[in-house]
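Me: Can you walk me through this one? I'm new to reading structures.

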Amino acid sequence: MTTLSERLARALRHAKITKAHLAREVGVSAPSVHNWFSGKAKFLRGANLLAAAKVLGVSESWLATGNGTMLPPGAIADGKPAVEEMGPPPGYVRFNVLEADTGVTYDTPEVMRTIEVAEWEVRRKLGFLPQPGRIQIITGRGPSMRPKLEDGDIVWIDTNFDHFDGDDYYLITLGGETQIKMLQKRGDGLYVVSVNTDFPPYRPEPGNVSILGKALVHAGLRKF
């Protein structure tokens, strides 16, 4: 049986829209939608579930439970009866590849495409085979994390970490933008740190940082 995050990812590809667009249409924040795709089902229920299904053009029952067909009866796409998307081939894992805009920080990432990676390569990179929806891939832009992250490098994001888990690299939301930064706990609070020394560390106001996942920069970088 599929998980909610798998169904959401499948529906998003079918609808050909971004997470940011889905958030705007449903009337919720971008971090809230990120939580839905991280497998946190409790954040998608009631009116939000119904609204999301309508925006995505899928069956409410299917989105909520996985039962039945993805598309409502009689649904069509591009003038033809819609064909449900097939899953990845055996032995492969499908990931959403998110693209971050250019600039000093990473703007809210958008789903640009999907890739299928062999399970053996995923195990080699991460050391484990993740549950569907747990790992996202972001293509980074901007100079603030050089030389650790160069323009066009990809970063594996472990969405199981939505809290500070010690000094490390994280995908965070701060000031309306999604960024990859190091978080460091210091004597006077939590600091946001760039690798590039042209961008000095700073301490944001408490509660202004939302952690979306841990950036697994140790897994190695690669341009797809």
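Predicted model: local features only at pLDDT ≥ 70, side-chain atom pairs only at ≥ 80, totals over all residues.

Me: OK. How many helices and strands are there in the protein?
Reply: The protein has 6 helices and 10 strands.

Me: What share of the residues is buried?
Reply: Buried residues make up 43% of the 224.

Me: Which residues touch the most other members in the largest nonpolar core?
Reply: Leu-8, Leu-22, Trp-36, Phe-37, Leu-56, Val-58 and Leu-63. That core has 21 residues.

Me: Which elements give two or more residues to this core?
Reply: They are α1 (4–15), α2 (19–26), α3, α4 (46–56) and α5 (60–65). The most comes from α1, with 5 residues.

Me: What is Phe-37 in contact with, leaving aside neighbours within four places in sequence?
Reply: Its contacts are Ser-5, Leu-8, Ala-9, Leu-12, Lys-19, Leu-22, Gly-133 and Gln-136. Another core, of 14 residues, lies apart from the largest one. Its members include Val-155, Tyr-169, Tyr-191 and Leu-212.

Me: New topic. Where is Asn-35 found?
Reply: In helix α3, which covers residues 30–37.

Me: Why does Asn-35 count as buried?
Reply: Because its relative accessible area is 18%, and buried means under 20%.

Me: How far apart are Asn-35 and Asp-162?
Reply: In sequence, 127 residues. In space, 8.9 Å, C-alpha to C-alpha.

Key: Residues numbered from 1 in each chain as written. Heavy atoms only, no water. Helix = DSSP H or I, 4+ residues; strand = E, 2+ residues; numbered from the N terminus. Buried < 20%, exposed > 50% of the residue type's maximum accessible area, 1.4 Å probe, protein only. Core = buried A, V, L, I, M, F, W, Y, C linked by side-chain atoms within 4.5 Å. Contact = heavy atoms within 4.5 Å.
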